[in-house]
Amino acid sequence: MVELGGYVGYSAIRFGDALRRAGGKQYLSLEINSDYAAVAGKLVELAGLGDIVRIIVAPAHLTLVRLVHDKIIDHVELLFLDHFKDRYLPDLWLVERLGLLKRGVSTIVADNIGRGPTLEYLAYLQADTADKRKKIEQSGARVDLDRAELLQAVRAKSEEAAVTAIENVAGDPSLEYETELHEFTGRHPSHKDGVAITEVKA
Ligand SMILES: C[S@@+](CC[C@H](N)C(=O)[O-])C[C@H]1O[C@@H](n2cnc3c(N)ncnc32)[C@H](O)[C@@H]1O
């Protein structure tokens, strides 16, 4: 399981514990902020999950490519999106392009679906292949980088250059999804919120 956005470790501890009880192997928590990650690391240790939960500090898209480059992952069974909302769609596309989603196996869970860029994320999941292609074209995402070139890009001289090269990469419109949206009202009645659970179809 891979989560994008770990904050101080609440979801990593809850999901990490459930993952271990279900026989899972590895929970990777990707967090951009080193202070939050340091707190999360201590709490994960305290919860006795240090052997299964690993926290990695960097922008999630850079970490994802590095994890594939370093052969730490070759697929993701459960992807949890809970980081900056305008990164849901670009990071989904990167995960698609890296071939990390397995048809009939992988599930994506996205929190806080309800406003702004999360609605674009939802619309993409629910679009057909032709429409997905159009959305990718209109976004200006890079279509020139294939998987091998992406893996090369993270070996750029500086982290900044690597981050920029891979931050807006076209996805794989051939992947088909089945999405269930669970909506609820937040603390404020006008605050619409929801969790999208998406299965990658076989
Ligand atoms: C809503 S919090 C995560 C909460 C956590 N999943 C939980 O339920 O306990 C969002 C976190 O995403 C992190 N974040 C935002 N953009 C990120 C990115 N591009 N890569 C990695 N982490 C990111 C933020 O620093 C913040 O800690």
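Colleague: What is the bridge partner of glutamate 3 in strand 2?

Modeller: Serine 29. Bear in mind that this is a predicted model.

Colleague: How many bridges join strand 1 to strand 2, and do they run parallel or antiparallel?

Modeller: There are 3 bridges, and the two strands, residues 2-4 and 27-31, run parallel.

Colleague: And in what order do the strands of the sheet come?

Modeller: The order is 3-2-1-4-5-7-6, an open sheet of 7 strands with mixed pairing. Strand 3 (53-57) and strand 6 (177-185) each have a single partner strand, so one side of each has no neighbour in the sheet. On average, neighbouring strands are turned by 15 degrees against each other, direction ignored.

Colleague: Switching to helix 2. Which strands does it lie across?

Modeller: Helix 2, residues 34-46, lies across strand 2 and strand 3, at about 170 degrees to strand 3.

Colleague: Which residues of helix 2 are buried?

Modeller: Ala37, Ala40, Gly41 and Val44. These residues sit on the same side of helix 2, because they cover an arc of only 105 degrees around the axis.

Colleague: Why would residues three or four places apart point the same way?

Modeller: Because an α-helix has 3.6 residues a turn.

Colleague: What covers the buried residues of helix 2?

Modeller: The cover includes helix 1 (10-21), strand 2 and strand 3. On the other side of helix 2, Asp35 and Leu46 are exposed.

Technical notes:
Residues numbered from 1 in each chain as written. Predicted model: local features only at pLDDT ≥ 70, side-chain atom pairs only at ≥ 80, totals over all residues. Pairing = 2+ DSSP bridges. Helix = DSSP H or I, 4+ residues; strand = E, 2+ residues; numbered from the N terminus. Axes fitted to C-alpha atoms, helices over the stretch in contact; angles between N-to-C directions. Contact = placed C-beta atoms within 7 Å. Buried ≥ 20, exposed ≤ 12 C-beta atoms within 10 Å, placed from the backbone. Arc of directions from axis to C-beta.
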